[in-house]
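Let us walk through this protein one part at a time. Keep the sequence and the 3D view side by side.

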Amino acid sequence: MSTDSNTTSPVSPTAAPANAPAARPQRRDGGRGPRRDNRNRDAAPSDGPTMIEKIVFINRCAKVVKGGRRFSFSALSVVGDGKGKLGIGYGKANEVPDAIRKSTAHANKHMVSVKLKGDTIPHEVFGEYDGGKVLLRPATTGTGLIAGGGVRAVLEAAGVKNVLTKSLGSKNHIAVVNATLLGLRKLRLAEDFQAALKS
């Protein structure tokens with residue numbers, strides 16, 4: 001009894017080759033698993049309010065020493081929450097990032113609250129600090145923030161969106177920024193005046 005050597009056993013069409021990679025297990029919902037990168041992942045909500053940080057001015061100071069020049073940097077920054085709370089900070093360091101970090105930390109420690117009327121100021125006010133003199137006037141909606149330099153940075157951090165300003169004194173950044181802050185701290189609402197008259 002002879003057997004045919006040319007005949008082969010039938011191979012099922014569903015059988016996979018021996019060296020083929022193992023198939024991924026299918027999810028129950030039929031979709032793919034989550035991505036490994038953060039492409040579609042939403043940012044985690046922060047616990048505290050988002051602060052507005054503005055760098056007003058960075059100054060470089062050079063000290064001449066025996067081996068050459070030694071540079072140091074100072075930074076003036078303004079930090080606010082855009083809702084009437086802001087602070088001014090000043091920091092010095094041998095590197096720019098360290099100076100900025102010190103100034104923002106100083107501003108966060110010295111936050112003050114100012115009185116606002118919507119997105120503008122309640123009345124005209126004049127702020128003066130050292131040689132800096134700044135005039136602030138309320139404006140109607142749509143006027144915008146008519147200010148420049150340090151005045152604009154302070155008003156943006158405070159949350160003012162419609163105001164007219166004019167700097168009348170020194171152009172020194174520290175003087176202008178502090179004059180603007182002192183002007184904002186003079187603001188009073190109608191309720192404050194009524195309470196003062198009753199007392």
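**A helix across strands**

Start with helix H3, residues 173–185. H3 lies across S5, S6 and S8 and runs at about 140° to S5. Axes here are lines fitted to C-alpha atoms, for helices over the stretch in contact, and angles run from 0 to 180 degrees between N-to-C directions. Contact means heavy atoms within 4.5 Å. Helices (H or I, at least four residues) and strands (E, at least two) are DSSP runs, numbered from the N terminus.

This is a predicted model: local features need pLDDT of at least 70, side-chain atom pairs count only at pLDDT 80 or more, and totals for chains, interfaces and linings use all residues. Residues are numbered from 1 along each chain as its sequence is written, and side-chain values use heavy atoms, leaving out hydrogens and water.

Now look at the sheet. Four strands form an open sheet in the order S5-S6-S8-S7, with mixed pairing. Strand S5 (125–129) and strand S7 (145–146) stand at the edges, each with a single partner strand, so one side of each has no neighbour in the sheet. Two strands pair if DSSP finds at least two bridges between them. Strand S6 (residues 132–138) and strand S8 (residues 163–167) pair in the antiparallel sense over five bridges. Arg 137 has Leu 164 in S8 as its bridge partner.

Which residues of H1 are buried? They are Ala 99, Ser 103, Thr 104 and Ala 107. These residues cover an arc of only 125° around the axis, which puts them on the same side of H1. The arc is that of the directions from the helix axis to the C-beta atoms. On the other side of H1, Pro 97, Arg 101 and Lys 109 are exposed. Buried means under 20% relative accessible area, exposed over 50%, partly exposed in between (1.4 Å probe, protein chains only). The cover over the buried residues of H1 includes strands S1 (52–65), S2 (68–80), S3 (85–93) and S4 (111–113).

His 106 also sits in helix H1. At 33% relative accessibility, His 106 counts as partly exposed. Leaving aside residues up to four places away in sequence, His 106 touches Ile 88, Gly 89 and Tyr 90. His 106 and Tyr 90 are 16 residues apart in sequence and 6.6 Å apart in space, C-alpha to C-alpha.

Finally, step back. The protein has four helices and eight strands. From the N terminus on, the elements run β-β-β-α-β-β-β-β-α-β-α-α. Buried residues make up 29% of the 199 residues.
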